[in-house]
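Please keep the sequence and the coordinates in view while reading.

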Amino acid sequence: MFSYQGKNQFLKKLNKGDFLMRSIVKLFWVLSILFLFSSQAIASDSYINNSAEKFSSGVANAVTGWVELPKNIILTSQKEGPAYGITVGLAMGIMHTVGRSLVGVLDAATFFIPTKPSVNPPYIWQDFSRETSY
């Protein structure tokens with residue numbers, strides 16, 4: 001076990017946060033090195049391309065999510081009429097604005113896991129006449 005003096009020094013280090021911070025930094029470096037040498041990170045260009053696609057669409061959706069508001073008002077007005085477009089289209093536009101923006105932030109934050117973009121169409125400008133789905 002520890003001597004009284006050794007235990008006292010250990011508690012001082014722990015109180016200062018040095019011990020905990022150094023352990024966290026060491027764990028971070030070990031996990032980073034393991035990730036860099038993993039087979040998926042080195043595998044092919046498809047990993048890099050898919051990750052870049054997910055990151056770019058995530059950032060674009062986070063920044064341009066507000067365009068869902070006028071898009072839904074216009075689409076609903078064309079289908080059901082102006083009164084319906086201003087009321088229901090506005091509500092749907094707010095819902096899709098929040099949805100596209102949050103999904104964009106999530107996609108940008110998790111770009112290192114290369115999956116398909118979560119929003120369909122992936123970019124707001126890609127098929128403006130189609131309703132957004134998740």
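The model is a predicted one.

The structure contains three aromatic pairs. One of them is edge-to-face and joins phenylalanine 55 to phenylalanine 111, with 5.2 Å from centre to centre and 65 degrees between the planes. This pair connects distant parts of the chain, since phenylalanine 55 belongs to helix H4 (residues 45-64) and phenylalanine 111 to the segment after H6, 56 residues apart. Phenylalanine 55 is partly exposed, at a relative accessible area of 40%, and phenylalanine 111 is also partly exposed, at 34%. Tyrosine 123 and tryptophan 125 form a stacked pair, because their ring centres are 5.0 Å apart and their planes lie at 25 degrees, under the limit of 30 degrees. Tryptophan 125 counts as exposed, with 55% relative accessibility.

Ring pairs also join Phe55, Phe111 and Phe112 into a cluster. A contact of another kind involves phenylalanine 128: the charged end of lysine 71 sits over its ring, 6.0 Å from the centre.

Helix H6 covers residues 82-109. At 1.5 Å a residue, its 28 residues should span 40 Å, and the end C-alpha atoms are 38 Å apart, so the two values agree. Within H6 there is a kink of about 35 degrees, centred on glycine 89. Glycine 89 is itself buried, and the buried residues of H6 also include Gly85, Gly93, His96, Arg100 and Asp107.

Key:
Residues are numbered from 1 along each chain as its sequence is written. This is a predicted model: local features need pLDDT of at least 70, side-chain atom pairs count only at pLDDT 80 or more; totals for chains, interfaces and linings use all residues. Side-chain values use heavy atoms; hydrogens and water are left out. Helices (H or I, at least four residues) and strands (E, at least two) are DSSP runs, numbered from the N terminus. The expected span of a helix is 1.5 Å times one less than its number of residues. The bend at a residue is the angle between axes fitted to the seven residues ending there and the seven starting there. Buried means under 20% relative accessible area, exposed over 50%, partly exposed in between (1.4 Å probe, protein chains only). Rings of Phe, Tyr and Trp (its six-membered ring) pair if their centres lie within 6.5 Å; planes under 30 degrees apart count as stacked, over 60 as edge-to-face and the rest as tilted. A charge sits over a ring if NZ of Lys or CZ of Arg is within 6 Å of the ring centre and within 35 degrees of the ring normal.
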